[in-house]
Amino acid sequence: LNSIDEATAQKVADRINERSGSEITAAQVLEAGSIEPLSDIARESLETEVEGNIRVLRERPEGSRRPAVFMFHPAGGSSVVYEPLARRLPADVPVYGVERLEGTLDERAEAYVADITRLADSLPVVLGGWSFGGALAYEVAHRLEKTDVTVGHLELLDLVQPLHPAPDTTEEMHARWDRYSAFAAKTYGIELPVPHDLLESQGEEALIGMMTMFLSNTDASEHGLAAGVLEHQRASFVDTRILNTLDFHRWADVTAPVTLYKSEGMHEGAIELEPSFAEIAPDGGWGGIVDDLETIQLAGDHLSVPDEPSIGIVGARIIGHLDEITAALG
């Protein structure tokens with residue numbers, strides 16, 4: 001970190017505390033040589049109140065009969081990212097984050113249904129998520145179609161497909177892993193050679209298993225990294241591969257209205273790993289799939305969507321949906 005004066009350090013501390021609920025002091029900011037010690041303090045405040053698969057961002061207030069909002073984790077990440085959104089929603093609305101599990105999309109969604117049914121309190125629910133989180137929300141909505149739980153609205157935070165999807169070929173599979181290896185070397189200083197013979201004979205699942213073992217046996221501190229960085233990288237890769245191989249048409253029978261909050265485009269790192277995302281389909285890839293689709297255009301790239309100021313636009317629109325659902329309940 002650059003050297004700063006005490007007044008600036010106080011502003012930094014105030015901002016972190018506002019966002020995380022922590023109690024970082026200006027002195028701690030001045031003493032920090034990197035962002036890591038400040039992140040560790042903030043994490044202690046943020047990474048709390050997780051019950052099984054569910055993070056309680058705001059529990060249901062006594063007497064509230066408002067629909068609950070469930071926001072699903074992004075690729076490789078935590079639902080803590082939705083704290084700014086939770087603060088934007090009315091105090092009588094329960095807000096829950098849905099945390100990451102290992103497994104296929106089907107396996108994860110199946111595990112989430114019971115939690116959501118329990119916390120719905122026999123009321124409609126609002127499901128949403130940023131990027132991969134939106135895919136989880138949609139898959140859960142698909143499964144809830146066969147239950148007594150009504151999905152009042154789906155809120156998709158930049159869940160989009162490229163205008164020209166990457167070809168599903170062996171050549172592209174090898175190229176993708178070469179890009180990932182180069183990205184790991186450049187970003188983290190970690191050499192991750194790609195065994196192309198194994199990839200050719202056993203496919204990507206075998207390499208994902210090998211990558212998991214490799215990263216679990218790699219000492220992150222030797223590369224100047226926080227302990228969770230390598231695990232995030234692995235989990236993000238696994239989740240993103242699921243997302244990028246999805247056919248959105250699998251959800252064509254979901255009847256809930258959908259709002260897509262669309263950024264101006266994917267961020268540089270994502271395009272580096274998946275060049276096809278340099279051009280996003282104008283309708284986000286939802287044409288011919290969603291009958292009741294509302295699109296809200298946001299400024300900035302994909303990474304800016306869950307943060308201020310974009311999340312203020314998202315929150316205001318979700319409030320409108322909650323009010324409509326509540327009014328319909330009488």
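## Phenylalanine 248 and its partner

In this predicted model, phenylalanine 248 has a relative accessible area of 1% and is therefore buried, the limit for that class being under 20%. Phenylalanine 248 lies in the loop between α10 (227-244) and β7 (258-262).

A search of the whole structure finds 10 aromatic pairs. One of these joins phenylalanine 248 to tryptophan 286, with 4.2 Å from centre to centre and 20° between the planes, a stacked arrangement. Distant parts of the chain are linked by this pair, since tryptophan 286 belongs to the loop between α11 (268-273) and β8 (293-297), and the two residues are 38 residues apart.

## Tryptophan 286 and tryptophan 251

Tryptophan 286 is also buried, at 0% relative accessibility. The ring of tryptophan 286 pairs with that of tryptophan 251 as well: the centres are 6.2 Å apart and the planes meet at 25°, so this pair is stacked. Here too the pair links distant parts of the chain, with tryptophan 251 in the loop between α10 and β7, tryptophan 286 in the loop between α11 and β8, and 35 residues from one to the other.

Tryptophan 251 has a relative accessible area of 0% and is accordingly buried.

## The aromatic cluster

The residues described above belong to a cluster held together by ring pairs. Its members are Tyr138, Phe248, Trp251 and Trp286.

Terms used: Residues are numbered from 1 along each chain as its sequence is written. This is a predicted model: local features need pLDDT of at least 70, side-chain atom pairs count only at pLDDT 80 or more; totals for chains, interfaces and linings use all residues. Side-chain values use heavy atoms; hydrogens and water are left out. Rings of Phe, Tyr and Trp (its six-membered ring) pair if their centres lie within 6.5 Å; planes under 30 degrees apart count as stacked, over 60 as edge-to-face and the rest as tilted. Helices (H or I, at least four residues) and strands (E, at least two) are DSSP runs, numbered from the N terminus. Buried means under 20% relative accessible area, exposed over 50%, partly exposed in between (1.4 Å probe, protein chains only).
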